[in-house]
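Here are my notes on the model, point by point. Please read them with the structure open.

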Amino acid sequence: MINNDHHPHRNHPNDAVERLHLRLRNMPETDNKSPYDTSPVASSKWSYREQPAPDCMDFSDYTGLLASLVRQEGNIYSLAAIGDLLYTGSDSKNIRVWKNRKEFSAFKSNSGLVKAIVIADDKIFTGHSDGKIRAWKASAKNPRVHKKIGTLPNLTSIMEKSIKPKNYTEVRNNHSAIWIKHYDAISSLSLTKDRSLLYSGSWDKTIKVWKVSDFKCLESIPAHDDAVNTVVAGFDDFIFSGSADGTVKAWRREKPGKRTKHFLLNTLLKQESAVTSLVINPSETVVYAGLSDGLLHYWEREKLLSGGRVLRCHTAAVLCLAAAGRMVFSGSVDTNICVWRREDRGDHKCLYVLNGHSGPVKCLAVDMSRRDGGGEGSCMLYSGSLDRSVKIWRVSTKTPQMEDQQPRRPSRQKDRLRRNYDGGFQTFSAQGRLNHRRK
């Protein structure tokens, strides 16, 4: 039985995401020896499966599956893509590096499944279920070798803060801990645009602010009444946070001196369903939030983040979001990835639904610089799932040529996922088959 005594504000976990959230946070760590303990790459238990594009198709406009990276055991919890490198985090405590879809390197943390990965120039930060953030760097002589260069917080900082009673704050079950430490799983990491600050969200209900240059903790924000599931650094010194308490909050950063200070500017959303993911589009004009009820909410910067609008896109909880150009991608427990494009007037059109995973889509990463033969109007999308696979997609940003673009009223049937958009769209199976859909 799961004990929720330390979460007095938690709602009963009726939806799939909260049940998954609760189950994972009570999952014991295992001490099984990893197959990567001797040679991470040589001992790999992954397989690569390439998917040929359909015949008789203009590949410049192709949207579909290109390849899959499949693990024999364990699930994928985090992804990060930069240039020709893809980083994958899993429940094996390993971070693997792929180059041009081939195994390139791997490095292992001491404990805690890898729940988040972000890259700040030559530094790689990983967030773990043991509440720690680890920093890594590739060797200049041999880029296949990655060395741990720090743990946030480090032992020196912990010892210094432990001396003074004022540095302790009350945590669960009347226990206290120093404010620079997360005492529950790291759920999310985000960097400021200049990569000088790192934000970490945790199931301990707090957001912490770290200095990238020296790894010092500058601030701890008691952000929510329940677990912080997602945090994202935004425009104009804003950060946004989403929680299992059903709220999306906007914070503003001040710069008083050596330490940062954030204050709550607005609560953008307050309702029953857990907020699972946040993303800001590259032009920094829209903030998107994914919820456990399958909805996407979004707020526009030019409207001062007021009001907000809703996109209906999934039949189950949204677990992850990504954005590139005008495109927004959402992954869900329903195993689908919805591909949205923001139009000139601010409306959104669902261009495609990608279906190839057999389990919930847990994480997404997108790279506009890699197109694999596609033209300017395309991007590479990576999706990690609890089906133990990473799938690599090429997505065209052009409007699909459909037989019928006339909108119809949303259906209340179970298949409303395929019927409630601003026009027809297309779905793609794991075999790359193109299925035309009409409203």
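1. Contact here means heavy atoms within 4.5 Å. By that test, and leaving aside neighbours within four places in sequence, Asp367 touches Ile82, Gly83, Cys379, Met380 and Tyr382.

2. Basis. This is a predicted model, where local features need pLDDT of at least 70, side-chain atom pairs count only at pLDDT 80 or more, and totals for chains, interfaces and linings use all residues. Residues are numbered from 1 along each chain as its sequence is written, and side-chain values use heavy atoms, without hydrogens and water.

3. Asp367 belongs to strand β29 (residues 361-367). Strands are DSSP runs of E, at least two residues; helices are runs of H or I, at least four; both are numbered from the N terminus. Is Asp367 buried or exposed? Asp367 counts as buried because its relative accessibility is 8%; the cut-offs are under 20% for buried, over 50% for exposed and partly exposed in between (1.4 Å probe, protein chains only).

4. Arg259 lies in the loop between β19 (247-254) and β20 (261-270). Its relative accessible area is 46%, so Arg259 is partly exposed.

5. Whole chain. The protein chain has 2 helices and 33 strands. Of its 439 residues, 58% are buried. Among contacts between residues at least 6 apart in sequence, 47% join residues at least 24 apart.
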